[in-house]
Amino acid sequence: MSDGFFIDIAMEKTIAAICTAPGAAGISVVRISGKQALELAAKLCPSQKLKTEQGGSFFYTTLRSPDSGELIDEAIVLVYRAPHSYTGEDTVELQVHGGHVSSQRILKELLALGAISASAGEFTCRAFLNGRLDLSRAEAVLDIINAQSERAGRIAAEQLRGSLGKRVDEYHSLIMDICADVEATLDFMDDETSGLLEPINIPERLSAFIAAVRQLASTWRNGQLLREGALLVLAGVPNAGKSTLFNALLGQQRAIVTDIPGTTRDSIEEQLIIDGIPIRLADTAGLRETEHAIEQLGINRSKELANAADICLAIIDGTQPLEQQLAQLKSPDFIVLNKVDAISEQEVVKLTEALQSYGYEEPVAISAKTEAGLTQLRKKIAAKLQTQSAGNEVVAVSERHHKLLLAAASAAEEALSLYSDGLEDAAVFCAQKLRESAEALAAITGKNYNEALLNNIFSKFCIGK
Ligand code: GDP
């Protein structure tokens, strides 16, 4: 949707787009939605089924250019009549052969017939505007498309089913009930019987509401990890075995491994998934004192990455003195004791005890070279990420939801403090804050929305969704 998109006017138009990704594939789908969807489709395949049948249907046909009658492709045509479609409008989906030629040709014909090219996310935006989905469910569609792991996909699917919207609606009702009770005291303020109408347990109900909303907001961290991936940084002195471990975790020879210290000058990043959590794994330049300007740049970058990391692993070379290596490290999340294949078991015990005496938790002993201990390491990384995220929560709110939930909680906190002060007119201001809190919640599900909000959300979608 472009700036200045007028929802009502735009909704009058019939839109069309290719819904499938370009490239060689079995099928490609062109979707048409709007009042003229069936009429336009009928111009490409003059089938009676588009004119006469009621309800949804599908059929096989050939598609021809309306002008020349030239054959374009064979197709399966799916007809959805309003309101029983994704968008809630009359919709036709033309399934043609994959590759871009047929679908592009069909789209071109439809545009020439008067359809408008759909903007990014416009089908889903229409579904929202037509009441088929609340905003949190519409956003989940994008999360499913972008999911990088099964776990992210599962949480997005739960949100699409309405898990988040339902919870937010419950909290919205709770705050509206409290608000109604507080407002009732206003109506009867001057009434002799006002004592009888004193609302019950307002502070307790508000406190429970705030705790619940804050708890839901805390699932944001989980959502962020699942949506964006966790940054896992491998730090340590040159030759500790960072690149070897990087390759071993990835299962491919991505980073250069040599025994020449200072080979990794720049950090490299790759994606992997551990326990359903997408991870951006970063190999960094070895940390040491250097006079070399380019190496120093790499080291600075390593330090920046270590600071930004969700998890920073310090790789210690078990064959080298400990103290010099520890001197280079700044509060890693945990220590990986590498090259245990090259030292005795007694050495491993001695090093473990030494590390613990410096205040570090028990290191994970591995050999990046033989891959011994890697399963244990993956488990430890997963456990650290689980504690950072909200564990097995099936809801993981986005940054937008997080902000709105915090706004709802803070407004409710202000309402609580006003109410507890019990000053004159407190109920008036308290009710005002409670309405603010309810409005923030309503913006999550889209009970309140404006064009800017819709633009912001749906412009992140792909065209055709
Ligand atoms: P980096 O500078 O920290 O990235 O270290 P590299 O991964 O480039 O490894 C430096 C040297 O240590 C190379 O010769 C590797 O083969 C060797 N190395 C790495 N991991 C192990 C290990 O677990 N055991 C043994 N014996 N050698 C290793």
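Predicted model: local features only at pLDDT ≥ 70, side-chain atom pairs only at ≥ 80, totals over all residues.
Trainee: Which residues are closest to the ligand, and how many surround it?

Mentor: The ligand has 18 residues around it, and the closest are N239, K242, S243, T244 and D341. To be counted, a residue needs a heavy atom within 4 Å.

Trainee: Which helix gives the most to the shell, and how do the shell residues divide by type?

Mentor: Helix α11, residues 242-250, gives the most, with three residues. By type, the shell has six nonpolar, seven polar and five charged residues.

Trainee: What makes strand β11 mostly covered?

Mentor: Buried means under 20% relative accessible area, and five of the five residues of β11 (334-338) are buried. The burial holds on both faces: F334, V336 and N338 lie on one side, I335 and L337 on the other. N338 is also the residue whose side chain has an N or O atom 3.1 Å from a ligand oxygen.

Trainee: How do you know that β11 pairs with β10, and in which sense?

Mentor: At least two bridges are needed for a pair, and β10 (residues 311-317) and β11 have five, in the parallel sense. Within this pairing, A314 stands opposite I335. The chain goes from β10 through helix α13 (residues 322-327) to β11 in a right-handed β-α-β crossover.

Trainee: How many bridges does β11 have with β12?

Mentor: There are two, in the parallel sense, with β12 covering residues 364-365. The requirement is at least two, so the two strands count as paired. L337 is opposite A365 there. Helix α14 (residues 345-357) carries the chain from β11 to β12, and this β-α-β crossover is right-handed.

Trainee: Why is β9 called largely enclosed?

Mentor: Because six of the seven residues of β9 (residues 277-283) are buried, the strand is largely enclosed by the rest of the structure. Strand β7 (residues 230-235) pairs with β9 in the parallel sense over five bridges, and L234 has D283 as its bridge partner. Strand β8 (residues 268-274) pairs with β9 over seven bridges in the antiparallel sense, where E270 is partnered by L281. The hairpin of β8 and β9 has two residues between the strands, and D275 takes a positive phi near 50°.

Trainee: What makes β3 and β6 edge strands?

Mentor: Six strands form an open sheet in the order β3-β4-β5-β2-β1-β6, with mixed pairing. β3 (57-64) and β6 (116-117) each pair on one side only, and they are the edge strands. Inside that order, β1 (residues 15-18) and β2 (residues 27-33) run antiparallel and are joined by four bridges; A17 has R31 as its bridge partner in β2.

Technical notes
Residues numbered from 1 in each chain as written. Heavy atoms only, no water. Polar contact = N/O pair within 3.5 Å; in protein donor to acceptor, adjacent residues only side chain to side chain. Nonpolar A, V, L, I, M, F, W, Y, C, P; charged D, E, K, R; others polar. Buried < 20%, exposed > 50% of the residue type's maximum accessible area, 1.4 Å probe, protein only. Right-handed = clockwise from strand over helix to strand, strands pointing away.
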